[in-house]
Amino acid sequence: MIRDSEPLVLGIETSCDETGVGVVRGTTLLADAIASSVDEHARFGGVVPEVASRAHLEAMAPTVERALAEAGVAFADVDAIAVTAGPGLAGALLVGVAAAKAYALALGKPLYGVNHLAAHVAVDQLEHGPLPKPCVAMLVSGGHSSLLLVPDVATDVRPLGATVDDAAGEAFDKIARVLGLGFPGGPVIDRMAREGTADAIAFPRGKYDDGTYDFSFSGLKTAVARWVEARERAGEPVPVADVAASFQEAVVDVLTAKALAACRAHGVKDLLVGGGVAANSRLRALAAQRCEAAGVRLRVPRPKLCTDNGAMVAALGAELVASGTVPSELDLPADSALPITTIRL
Amino acid sequence: MLVLAFDTATAAVTVALYEWIPGAGVRPRAAADAVDARRHAEVLTPAIAGVLAEAGAVPADLSAVAVGVGPGPYTGLRVGLMTARALGEALKIPVHGICSLDAIAWASARDEPFVVATDARRKEVYWARYESARVRTTGPAVSPPAEVLAELGVGPGELPVIGEGAALYPAQLGAAADPLPLLPSAAALAELAVTRLSGADGLPLLPPEPLYLRRPDARAPGPRKKVSQG
């Protein structure tokens, strides 16, 4: 049931190549509108910041209109504006921040500049209800690979570990390029891997047993490239499906092993997996299997809520309103390196 | 009618609020100017809130927005355009674009031909040629300063050049004796917008679209680099 007493929040996300605008009331999702510039980046083999920033400017107003229409609400009904203030691409973030400030000023409503990673955690409340306190969250995307202890997503998020080099999603993109599969790499490797054998090739698992919650994917990336090049040099065919499956297995093996180790070490019985790589079918399957074996409850939002979107920003905004957090000022900056400990800037 | 004008296409963040009574004239109500090339986003919205408060007005009192559409360095330019578009959308009021070089030209009130040049970074200038402060004849364009006069087919000193480009590259451009104004002002933007909205002649109102003049720096990747040696 939707209660009118809960805050209606408009959320804006522009940290990378998706212009996302979401509308939530409390923990109820009302609209999730997205405009993506991914096709414009594909020929460059990765996200080009200036191309993304230009696309955000063009997409913002139409995407806001679409979200309000989808939610069946008017600007005047909005109680608060939330926007990703960081981390992300500086120029891209600024477009969303400028828009959010103008909406907040025009409507006379409070503004919340929020942390992109905390928003990836908060979004799960829209699908699975209030988050257990505490939970462990693993966020894996093209820009991030982080393990977090989350006593309270509105007020207390603690970093446990993060990648020391490439993000997991970045490794998928790079291996897709090595295999000639195009950009973005995540969905196509997931698809190819289903035709291959996950233990066909023993690729290295970086930092697997180092006792930290940090990740490293750069050595794996190099190992896969070397293996493929050796085949090419020998004039042998590259078993693309087996390479994809074995690479993917190495990534999700390390991710899930460390996530469950974190749950064990902190006595936490709930694991949340979010971010674009959480859409990977093998990661979801292996996480489910290992969580079940360990007696840990697994929460993974549906794929559309795992990738960058505005609903997650609105969800965190609603949580901040509910927790009585003081809004941001109109001189809110964008911070491309915003630390996870700063939930509201 | 209250007209809000601002420009973020240069190092300046300039905001002005004008009251326009059609048939009776136009008068300034409040203005705020800051030069801070790295903090457009932080400075702009509080400056708008500030001029509204100074005039005792609220956002819902606004009738129109006039925004500088560049050309200018992209990030700052976008902050102004995004702010203008979002205000227009939320307040359901029209947003008019004005070439930021036109705002400098308009404010100069010159009657003879001249050139406006601003800093395009990367050792280039954004520039346009004007027949007078009311008529633009060439541009806007972006070029190395040494090529501007050649593109116009004139020699050094034949055309006065005004704007911060003239101050930055006096040797290549041959600055005017009085190169002011160096930067666009929101006051000029507002006065030009009201002039056009009241039906008088002047430099054109444009859609609120950015004049980037350059393509994004991006190159399609070449062949994949090998990681193996030899």
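A salt bridge is a side-chain nitrogen of Lys or Arg within 4 Å of a carboxyl oxygen of Asp or Glu. In this predicted model, Asp166(A), Glu170(A), Lys174(A) and Lys221(A) are linked in a network of such salt bridges. The exercises below begin with pairs of this kind.

**Exercise 1.** Determine which parts of chain A are tied together by the salt bridge of Asp152(A) and Lys133(A), and state whether each residue is buried or exposed.

*Solution.* 
Step 1. The side chains of Asp152(A) and Lys133(A) come to 3.4 Å, N to O, and a salt bridge requires a distance within 4 Å.
Step 2. Asp152(A) belongs to strand E7 (residues 145–152), while Lys133(A) sits in the loop between helix H5 (124–128) and strand E6 (135–140), so the pair ties together parts that are 19 residues apart in sequence.
Step 3. Asp152(A) has a relative accessible area of 19% and is therefore buried, because buried means under 20%. Lys133(A), at 57%, counts as exposed, since the cut-off for exposed is over 50%.

**Exercise 2.** Carry out the analysis for the salt bridge of Lys258(A) and Asp210(A).

*Solution.* 
Step 1. The N to O distance between these two side chains is 2.8 Å.
Step 2. Lys258(A) is part of helix H9 (residues 240–265) of chain A, and Asp210(A) is in the loop between helix H7 (185–193) and helix H8 (218–233), so parts 48 residues apart in sequence are tied together.
Step 3. Lys258(A) is buried at 3% relative accessibility, whereas Asp210(A) is partly exposed at 31%.

**Exercise 3.** Describe a salt bridge within chain B, that of Arg129(B) and Glu131(B).

*Solution.* 
Step 1. The two side chains meet at 2.9 Å, N to O.
Step 2. Arg129(B) has 18% relative accessibility and counts as buried; Glu131(B), at 38%, counts as partly exposed.

**Exercise 4.** Characterise the interface between chain B and chain A by its contacts and buried area.

*Solution.* 
Step 1. Contact joins 41 residues of chain B to 37 residues of chain A.
Step 2. About 3,300 Å² is buried between the two chains, and carbon and sulfur atoms give 64% of this area.
Step 3. Met82(B), Glu89(B) and Arg224(B) supply 21% of the area that chain B buries against chain A, more than any other three residues.

**Exercise 5.** Which polar links join the chains, and which helices of chain B supply residues to the side that touches chain A?

*Solution.* 
Step 1. There are two salt bridges between chain B and chain A. One of them pairs Arg85(B) with Glu58(A) at 3.4 Å, N to O.
Step 2. Helix H1 (40–54) and helix H2 (74–91) of chain B each supply at least two residues of the side that touches chain A. The largest share, 13 residues, comes from H2(B).
Step 3. By class, this side of chain B has 21 nonpolar, seven polar and 13 charged residues.

**Exercise 6.** How many disulfides does the structure hold, and how far from Cys291(A) is the nearest cysteine sulfur?

*Solution.* 
Step 1. Over all chains, there are zero disulfides.
Step 2. The cysteine sulfur nearest to that of Cys291(A) belongs to Cys263(A), 6.4 Å away, while a disulfide requires sulfur atoms within 2.5 Å.
Step 3. Cys291(A) is buried, at 2% relative accessibility. In chain B, Cys99(B) is buried at 0%.

Methods. Residues are numbered from 1 along each chain as its sequence is written. Chains are lettered from A and ligands numbered from 1 in the order in which they are written. This is a predicted model: local features need pLDDT of at least 70, side-chain atom pairs count only at pLDDT 80 or more; totals for chains, interfaces and linings use all residues. Side-chain values use heavy atoms; hydrogens and water are left out. Buried means under 20% relative accessible area, exposed over 50%, partly exposed in between (1.4 Å probe, protein chains only). Contact means heavy atoms within 4.5 Å. Buried area is the accessible area (1.4 Å probe) that two parts lose on being put together, summed over both. Helices (H or I, at least four residues) and strands (E, at least two) are DSSP runs, numbered from the N terminus. Ala, Val, Leu, Ile, Met, Phe, Trp, Tyr, Cys and Pro count as nonpolar, Asp, Glu, Lys and Arg as charged, and the others, Gly among them, as polar.
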